[in-house]
Amino acid sequence: MSYPVEKYDRLRQRYFRIYLFGQVSFLAAWTVRLVLRETGALVEWLNAALGGFLLLGVLVLFFSFLGLNKVRRAVAGDPALKDALYDELVRVNWDKAWKSGFLAIAAGLAFFAVFNFVSPVKDVFAFILTAFFAGAAGYTFAFYRLDRS
Amino acid sequence: MRADRLKNTLKVQRARMDWSQEELARKIGVTRKTVNTIENGVYIPSTYLALKMAKAFGVAVEELFQLTE
C-alpha cells in the first residue's frame with residue numbers, strides 16, 4: 001500500500017506551483033501598471049490588457065487557495081497524517097521562506113525609492129502595497145524552491 | 001551548522017533493513033522528501049527526529065550521524 005502522505009505532498013506542491021504562478025502574474029501586471037500609471041505612459045489598451053492579467057492572477061490565486069485548503073482539510077482529521085505532511089522540514093522551510101519574504105519587501109521598497117528619484121511617486125500607498133505583494137510572492141517562491149530541493 | 005560537516009549512514013542502514021526511503025518515512029512519520037534531504041546531507045534533522053530514526057533502525061544515533069573530520 002502506498003504512503004498516503006506522498007499523494008497529499010504531491011497535491012500540495014502542485015497547488016503551490018499554481019499559487020506561485022497566480023502571484024507572479026498578479027505582481028507583474030500590478031507593478032507594470034503602477035509604474036506606467038505613475039510615469040503617465042499607461043494607454044487604454046494596455047490598461048485593459050494588464051487588467052486581464054490581474055484578473056487572471058486573482059482567479060488562479062483563488063483556485064489554488066481552494067486547492068491548498070482542500071489538502072489541509074483532507075489531513076485535518078488524521079493527526080499522524082497531518083504531522084507527517086507538515087513535518088519539521090516543511091516548518092523549517094516556512095521559517096526560511098519568511099526571511100525571504102521580508103527581503104523581498106525590502107527589495108521592493110528599495111526599488112521604489114530609486115524609482116522616486118527618476119519619477120516622483122504620487123500614489124505612495126500603492127507603492128507600499130506593491131512592496132507587500134512582492135513580500136508575499138517572495139515568500140511563496142522561496143518556499144516552493146526549498147520544498148522542491 | 002553546515003550539512004557537509006555531518007555525515008550519515010542512512011543509506012547503509014536502509015539497505016541493511018531493505019527499506020525504501022518511503023518505508024522509512026512512514027515509520028518515522030515524515031515525507032519521503034524529508035528522508036531524502038537528510039540522507040543527501042541537505043538537511044540536518046532535529047535531535048527528536050534523529051532519535052526516532054535511530055530507534056526505527058535499532059541502532060544508536062551516533063551510528064547514524066557522525067561529524068566529519
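Me: At what angle do helix 2 of chain B and helix 3 of chain B pack, and how far apart are their axes?
Reply: This is a predicted model. In it, the two helices of chain B pack at about 110°. Their axes are 8 Å apart.

Me: What makes helix 2 of chain B roughly perpendicular to helix 3 of chain B?
Reply: The angle decides. Roughly perpendicular covers 65 to 115 degrees. The value here is about 110°. So helix 2 of chain B is roughly perpendicular to helix 3 of chain B.

Me: Which residues meet there?
Reply: Helix 2 of chain B brings Q21(B), E22(B), L24(B) and A25(B). Helix 3 of chain B brings R32(B), T34(B), V35(B), N36(B) and E39(B). By class, this contact divides into three nonpolar, three polar and three charged residues.

Me: How do helix 2 of chain B and helix 4 of chain B cross?
Reply: Their axes come within 10 Å and cross at roughly 110°. That angle falls in the 65 to 115 range. Helix 2 of chain B is therefore roughly perpendicular to helix 4 of chain B. The crossing is right-handed.

Me: Which residues make that contact?
Reply: From helix 2 of chain B come L24(B), K27(B) and I28(B). From helix 4 of chain B come L49(B), K52(B), M53(B) and A56(B). Five of the residues in this contact are nonpolar, two are charged and no polar residue takes part.

Me: Which residues of helix 2 of chain B are buried, and what covers them?
Reply: L24(B), A25(B), R26(B) and I28(B) are buried. To be called that, a residue needs 20 or more other C-beta atoms within 10 Å of its own. The cover includes helix 1 (10-17), helix 3 and helix 4 (47-57) of chain B. Just after helix 2 of chain B, G29(B) takes a positive phi of about 70°.

Me: How many residues join chain B to chain A?
Reply: On chain B, 14 residues are in contact with twelve residues of chain A. Helix 2 (21-28) and helix 3 (32-39) of chain B are the elements that give two or more residues to chain B's side. Helix 3 of chain B gives the largest share, four residues. By class, that side has five nonpolar, five polar and four charged residues.

Me: What is chain A built from?
Reply: Chain A has five helices and zero strands. Its C-alpha trace spans about 60 × 30 × 25 Å along the principal axes. Of its 149 residues, 25% are buried. Among its contacts with a separation of 6 or more, 84% are between residues 24 or more positions apart.

Me: Why are helix 1 of chain A and helix 5 of chain A called roughly antiparallel?
Reply: Helix 1 (residues 4-39) and helix 5 (residues 124-148) of chain A pack at about 155°, with axes 9 Å apart. Angles over 145 degrees count as roughly antiparallel. The two helices of chain A are therefore roughly antiparallel to each other. The crossing is left-handed.

Me: Which residues of helix 1 of chain A and helix 5 of chain A meet?
Reply: On helix 1 of chain A they include F16(A), L20(A), L27(A) and W30(A). On helix 5 of chain A they include F133(A), A137(A), F141(A) and Y144(A). The whole contact has 14 nonpolar, five polar and two charged residues.

Me: Which residues of helix 2 of chain A are buried?
Reply: L50(A), G57(A), L61(A), S64(A) and V71(A) are buried. Helix 1 of chain A is included in what covers them.

Me: Is F125(A) buried or exposed?
Reply: F125(A) lies in helix 5 of chain A. A residue counts as exposed at 12 or fewer neighbours. F125(A) has 8 C-beta neighbours inside 10 Å, so F125(A) counts as exposed.

Me: How far is F125(A) from A41(A)?
Reply: Their C-alpha atoms are separated by 20 Å. Along the chain, the two are 84 residues apart.

How values were computed:
Residues are numbered from 1 along each chain as its sequence is written. Chains are lettered from A and ligands numbered from 1 in the order in which they are written. This is a predicted model: local features need pLDDT of at least 70, side-chain atom pairs count only at pLDDT 80 or more; totals for chains, interfaces and linings use all residues. Two residues are in contact if their C-beta atoms, placed from the backbone, lie within 7 Å. Ala, Val, Leu, Ile, Met, Phe, Trp, Tyr, Cys and Pro count as nonpolar, Asp, Glu, Lys and Arg as charged, and the others, Gly among them, as polar. Axes are lines fitted to C-alpha atoms, for helices over the stretch in contact, and angles run from 0 to 180 degrees between N-to-C directions. Angles under 35 degrees count as roughly parallel, over 145 as roughly antiparallel, 65 to 115 as roughly perpendicular and the rest as oblique. A crossing is left-handed if the near helix is turned anticlockwise from the far one by less than a right angle, and right-handed if clockwise.
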